Amino acid sequence: MRETTAAVPGGSSRWAAAAGGLAAVIAVLAVAELSIGQPMIAPERLPGVLFGESGEPLERLAIHELRLPRLILAVLGGAGFGLSGAILQVVLRNPLASPELLGVSGGASLAMAVVLLLNVPVVFSLHPVVALAGGLGASVVVLLTSRGARSPVEAALTGVAVAALLNGMIVAVISLAASSGAVQVLFLFTVGNLSNRSWNHVELVCPWLAAGIPTALVLAQAANVLQLHDDLSSSLGARTLQLRALFVVLAASLVAALVAVAGPIAWVGLLTPHLAGLLVGKPDARLLFPASMVIGALLVLASDVLAKVVIYPWEVPVGLCTTLVAAPPMLWLLRRSSAGLV
Amino acid sequence: MNEPARHFAAVMLAAGAGALVLFVLHLGLGTVWIPPERVFLALVDRAADPTDRTIVWGLRLPRALLALLVGMMLGLSGALMQSVMRNRLAEPGLTGVSAGGVLMAVVFLAGLWGLPAPRPFLPVAVLGGAIAGCALVLLASQRLGRIDPLRLLLTAVIVNALLVSLTSLVMLRSEYALGSILPWLIGSLNGRVWGDAWIALPWAGLGVPMGLLAARAINLLQLDDDSSRALGLPLHGARLAAFALAAGLAAGALSVAGSVGFIGLAAPNVARVVAGADARRALPLAVMLGCLLLLAADLVAQSVSIKPPIPSSTQRAGLPVGAVLALFGAPLLVVLIRRSVR
């Protein structure tokens with residue numbers, strides 16, 4: 001049986017170095033996220049504006065009402081998408097499972113597009129529930145369609161086909177209901193975006209992640225059991241089907257609220273667990289889950305800083321930059337992966 | 001005539017008749033419905049009502065002709081790609097050809113390289129992007145000179161995402177120069193005029209006959225490498241030429257209709273099932289089915305756009321034909337993925 005103890009003999013200094021390095025990078029990115037924008041605020045003046053009374057009124061407004069909630073959403077979004085991807089990859093035993101390739105992101109976006117563009121009366125606080133319903137509906141379609149798939153790639157490509165279908169439906173809703181096919185309207189529902197988000201959005205997301213993240217961390221050992229062969233995990237007393245369904249619902253609820261406020265932030269959920277796996281070095285969910293949260297947060301934060309500078313002074317949606325950041329390493333991982341993947 | 005030849009002639013005749021019916025319906029459909037007999041009279045310049053002639057010739061004929069041309073080009077392009085790559089899943093949208101071409105189209109139209117951008121040269125720029133996009137996918141997915149069909153598709157999905165993000169960045173950078181993004185990213189024929197038809201015509205007029213005349217060589221390419229060589233085919237040259245032709249056809253289509261997906265997948269696969277593997281039959285049938293499918297899909301897009309199911313919306317972008325194709329194409333993709341594994 002697989003070794004699942006957390007302690008790595010002789011590895012504690014390596015762990016400390018990795019954790020310290022990640023924390024430093026995230027801190028630098030957080031400072032950049034708060035400084036960059038209109039108006040620019042130099043990093044050395046940030047503490048005064050943040051904690052003191054200094055700074056122009058406009059600067060104080062930008063920091064306290066826009067950039068701070070945006071920073072928090074970026075971190076939470078990265079953690080949520082990263083953890084969701086890690087859960088799906090572990091419990092479905094498919095290194096290509098992720099919210100976007102399971103239809104969760106697309107289904108949630110479609111549900112939001114229907115609600116917002118067709119003026120379905122749903123109160124703001126229930127938007128994540130709508131997104132969750134859409135995400136779960138689409139993921140059930142993908143899971144049922146890819147049942148009996150011979151390889152992870154085949155299952156993932158079924159998800160690609162369903163994602164194309166959902167994208168077509170989103171475009172149909174937009175082009176029939178929105179007043180123009182302008183870039184922004186399309187991007188609202190097909191690309192993740194963090195600009196102009198307020199504390200309301202943070203408040204909407206927080207309860208979902210506050211419930212989902214601890215649950216996932218507590219259940220990590222159960223997720224480990226699901227990595228074993230089904231016969232073996234059943235003989236260990238696990239009800240594999242129910243347990244797997246529970247984890248899929250958990251993974252979908254981690255991203256539902258995020259899709260509702262920030263759109264489908266692409267590819268973070270697919271790439272992050274692989275990077276986390278390289279970091280922790282073994283497939284133990286108790287290490288993989290927290291590492292995925294940290295790396296996901298780092299990826300989204302870095303992408304959001306990039307989104308602010310790539311065609312400065314304009315901002316672009318963060319989802320475009322997560323794709324730019326994540327696609328090259330994914331291509332590399334795909335090439336490097338052994339025949340076992342296909 | 002022997003039995004298969006008679007069967008093939010009957011199929012071609014039926015497809016041609018179907019395309020003709022759809023073409024006339026397409027010309028009649030719009031804000032003002034014009035019955036088929038009046039469409040016919042207007043076409044031959046014998047219309048009782050001069051407005052019929054104005055509507056048919058001035059507004060609707062360019063769009064219907066484009067549906068015809070683009071459908072033919074994409075059907076043939078997909079068929080050539082599938083033969084050259086010996087992969088039933090190859091088509092412009094799933095090999096990086098469309099995404100690369102559209103990126104170059106947007107760069108060209110936005111005038112980003114500071115040179116004048118005369119519209120008739122658009123397909124040349126698109127062709128460059130198409131070849132580069134496909135080369136990227138092929139290089140990233142080949143292992144030791146061999147390409148697994150599913151791995152190719154997965155690589156193409158990631159490369160597509162990357163190229164679409166870059167396209168979106170260019171669109172955001174110069175939105176006003178380019179107008180709506182929907183046609184480029186999902187493919188649309190809404191609001192096409194004679195100028196667009198003239199751009200596509202030379203590419204279709206040269207490319208389609210060339211592709212059909214090359215059917216004998218394509219048959220040899222479908223064999224395994226040793227057999228093709230033994231039969232005297234210069235393998236690399238023939239493969240490159242067929243691929244260049246496929247890219248050229250796709251570039252002509254992309255330049256006027258954007259990234260129209262699934263035609264290049266559906267038409268050749270259906271043609272192969274109906275007419276068998278012989279390219280001398282499968283290629284003409286793929287051309288015919290391509291225009292049949294695109295005319296049908298555009299009819300659906302058009303009729304939904306006239307009478308929107310959502311009464312509240314006053315101004316709409318109109319349903320792009322690409323969205324309709326995604327709804328029908330995605331299930332087909334799932335079936336083909338299943339088949340390619342068995």
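A nonpolar core is a set of buried Ala, Val, Leu, Ile, Met, Phe, Trp, Tyr and Cys residues joined through C-beta atoms within 7 Å. A residue is buried if 20 or more other C-beta atoms lie within 10 Å of its own, exposed if 12 or fewer, and partly exposed in between, with C-beta atoms placed from the backbone. The largest such core here has 237 residues, and the members that touch the most others are A:Ile87, B:Val70, B:Met73, B:Ala105, B:Ala250 and B:Ala253. Helix α6 (residues 152–177) of chain A supplies the largest share of this core, 19 residues.

The structure is a predicted model, in which local features need pLDDT of at least 70 and side-chain atom pairs count only at pLDDT 80 or more, while totals for chains, interfaces and linings use all residues. Residues are numbered from 1 along each chain as its sequence is written, and chains are lettered from A and ligands numbered from 1 in the order in which they are written.

**Confidence**

The model scores ipTM 0.90 and pTM 0.91. The predictor's confidence in each residue is the pLDDT, which runs from 0 to 100. Chain A averages a pLDDT of 88, and 93% of the residues score at least 70. Two residues are in contact if their C-beta atoms, placed from the backbone, lie within 7 Å. For chain B the average pLDDT is 88, with 93% of the residues at 70 or above.

**Chain folds**

Helices (H or I, at least four residues) and strands (E, at least two) are DSSP runs, numbered from the N terminus. Chain A has 14 helices and zero strands. Its radius of gyration is 20 Å, close to the 20 Å that the globule rule gives for 342 residues, so chain A is as compact as a globular protein of that length. The radius is taken over C-alpha atoms, and the globule rule is 2.2 Å times the number of residues to the power 0.38. Along its principal axes the C-alpha trace of chain A spans about 65 × 55 × 35 Å. Buried residues make up 52% of the 342 residues in chain A. Of the contacts in chain A between residues at least 6 apart in sequence, 74% join residues at least 24 apart.

Chain B has 15 helices and zero strands. The radius of gyration of chain B is 20 Å, close to the 20 Å given by the globule rule for 342 residues, so chain B is as compact as a globular protein of that length. Its C-alpha trace spans about 65 × 60 × 35 Å along the principal axes. In chain B, 54% of the 342 residues count as buried. Residues 24 or more positions apart account for 78% of the chain B contacts with a separation of 6 or more.

**A helix in chain B**

Helix α12 (residues 235–257) of chain B has 23 residues and reaches 33 Å from its first C-alpha to its last, close to the 33 Å expected at 1.5 Å a residue. The expected span is 1.5 Å times one less than the number of residues. After α12(B) comes B:Gly258, whose phi is positive, near 75 degrees. Leaving out residues up to four places away in sequence, B:Ala253 touches B:Val70, B:Met73, B:Leu74, B:Ala200 and B:Val260.

**Backbone details**

| Residues joined | Omega |
|---|---|
| A:Gln38 and A:Pro39 | about -5 degrees |
| A:Tyr312 and A:Pro313 | about 10 degrees |

A:Pro39 is in the loop between α1 (12–35) and α2 (46–51) of chain A. A:Pro313 lies in the loop between α13 (285–309) and α14 (318–336) of chain A.

A:Trp267 is not a glycine but has a positive phi, near 70 degrees. This residue sits in the loop between α11 (240–262) and α12 (268–280) of chain A. A:Trp267 is buried, with 31 other C-beta atoms within 10 Å. B:Asp45, also not a glycine, has a positive phi of about 65 degrees. The loop between α2 (36–43) and α3 (50–85) of chain B holds B:Asp45, which counts as exposed with 8 C-beta neighbours inside 10 Å.

A:Ser235 lies in helix α10 (residues 230–235) of chain A. This serine is exposed, with 10 other C-beta atoms within 10 Å.
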